[in-house]
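Below are some notes on how the two chains are arranged and how they meet. Please read them alongside the sequence and the model.

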Number of protein chains: 2
Amino acid sequence: MSTASLDHLQARLGHVFNDGGLLVRALTHRSHGADHNERLEFLGDAVLNLAVSDLLFDHFDDSPEGDLTRVRAHLVRQDMLHRIALSLALPQELRLSEGEARGGGAQRPSILADAMEAIIGAVYRDAGYAAAQGLVRRLFEPLVIETATQAWAKDAKTQLQEWLQARRLSVPDYRIEATRGRAHDQTFVVVCSVVEHGIEGRGEGRSRRAAEQEAARLVLDQLSRTHE
Amino acid sequence: MSTASLDHLQARLGHVFNDGGLLVRALTHRSHGADHNERLEFLGDAVLNLAVSDLLFDHFDDSPEGDLTRVRAHLVRQDMLHRIALSLALPQELRLSEGEARGGGAQRPSILADAMEAIIGAVYRDAGYAAAQGLVRRLFEPLVIETATQAWAKDAKTQLQEWLQARRLSVPDYRIEATRGRAHDQTFVVVCSVVEHGIEGRGEGRSRRAAEQEAARLVLDQLSRTHE
């Protein structure tokens with residue numbers, strides 16, 4: 001961490017700190033010393049939660065509360081924060097103890113996610129809610145649609161299972177019909193079948209899970225059309 | 001609910017709505033109709049969480065994150081929101097279906113707590129974060145010290161048990177030595193003893209639990225003094 005690199009980080013965040021000490025603290029892991037980021041993380045977690053809630057409230061103005069809750073849970077997950085921390089090149093800015101740094105601490109998802117929350121808390125302390133909300137919107141808005149699709153689609157498998165269980169039918173069968181593309185750029189084709197009804201759905205997705213959800217959704221659509 | 005009683009409620013809240021429809025919606029249970037308070041509750045829950053976090057961050061500027069998290073969990077609990085809803089006379093303002101109203105819905109803690117969160121969300125939508133934060137501070141600041149004492153004291157029993165377990169000693173014994181006062185205004189005296197050390201602590205409290213915590217705290221103090 002140098003002054004120049006902190007300047008770059010602030011440019012990436014789109015926020016120049018009035019109190020630069022807050023940013024340094026947000027980047028300081030508890031292994032490094034007493035003035036670490038855990039209290040800012042406590043605050044940042046709550047700022048993030050509200051700013052994301054507000055974003056979803058606006059974005060999905062017809063969705064029931066349960067749907068918003070599910071998308072929010074996906075957006076504020078550690079893996080999402082970790083991804084954003086990497087996009088901001090946080091690993092090189094973290095302050096860790098020598099031992100933690102040698103052990104690869106700067107790449108640990110939990111340490112990066114915590115620092116990301118601490119930065120959001122630091123912006124809130126530095127310039128108030130509107131500034132922190134602006135940061136959260138810049139970072140998270142591009143992820144909302146993708147995440148909502150995943151979060152809601154995820155429910156398709158659960159919904160299908162519940163639909164079948166309520167009618168004492170056996171669980172659906174999922175099988176991979178095809179995979180296309182190379183290791184890091186694959187598309188999966190999954191077939192979901194409900195034997196008793198002779199119904200099948202064929203889903204495609206960038207992961208097996210996504211393809212299964214899509215397939216389950218198609219089966220659900222057919223079942224609900226034929227059983228209304 | 002009448003215009004006059006809504007005026008009184010706004011006076012008690014210390015916030016006059018620009019959009020009165022938001023307040024009406026916040027008071028509307030889902031049993032009453034489609035324009036109910038669940039989405040505002042989703043938002044209000046997050047506003048409350050941040051405003052309380054911020055309050056604690058300021059109030060306890062030396063406390064570690066874990067302590068703040070524990071107090072926050074106590075402050076945003078349903079029973080606390082229920083208590084505040086009663087202090088604002090919310091039951092008479094709620095809009096419920098006839099069936100729900102006949103069943104005593106206006107007194108149900110969960111319905112009142114949800115409406116309380118929805119009101120906080122409504123103020124946030126109506127006038128922004130600062131207004132909602134002001135409301136939360138007015139409502140919750142008087143409860144902070146009492147709640148922190150409970151939340152941190154609660155840990156004394158757990159801490160004592162962990163201390164003893166770490167040394168492979170048997171669990172402490174708690175017994176009620178005396179109760180004073182009448183049914184709704186009692187004081188309990190509890191003795192906590194650690195047989196192997198011949199140490200006792202005597203705690204008093206308005207509930208058995210509070211007295212046990214106080215007793216455990218005193219035993220812990222003695223043990224930590226003699227074992228440093």
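Through which surface do the copies meet?

1. The copies meet through the same surface, because 100% of the interface residues of chain A are also interface residues in chain B. In numbers, 26 residues of chain A are in contact with 26 of chain B, contact meaning heavy atoms within 4.5 Å.

2. On conventions, this is a predicted model in which local features need pLDDT of at least 70, side-chain atom pairs count only at pLDDT 80 or more, and totals for chains, interfaces and linings use all residues. Residues are numbered from 1 along each chain as its sequence is written, chains are lettered from A and ligands numbered from 1 in the order in which they are written, and side-chain values use heavy atoms, with hydrogens and water left out.

3. Chain A is superposed on chain B by a rotation of 180° with 0.1 Å of shift along its axis, at an RMSD of 0.3 Å (least squares on the C-alpha atoms of residues with pLDDT of at least 70 in both). The two copies are thus related as by a two-fold rotation axis.

4. About 2400 Å² is buried between chain A and chain B, 61% of it on carbon and sulfur atoms; this is the accessible area (1.4 Å probe) lost on putting the two parts together, summed over both. In chain A, the residues losing the most area to chain B are A:Arg39, A:Phe42 and A:Phe57, together 36% of what that side buries.

5. Four salt bridges are counted between chain A and chain B, each a side-chain nitrogen of Lys or Arg within 4 Å of a carboxyl oxygen of Asp or Glu. One of them joins B:Asp54 to A:Arg125, with the closest N and O atoms 3.7 Å apart.

6. On the side of chain A that touches chain B, α3(A) gives the largest share, 14 residues (helices are DSSP runs of H or I, at least four residues, numbered from the N terminus).

Definitions and conventions:
Helices (H or I, at least four residues) and strands (E, at least two) are DSSP runs, numbered from the N terminus.
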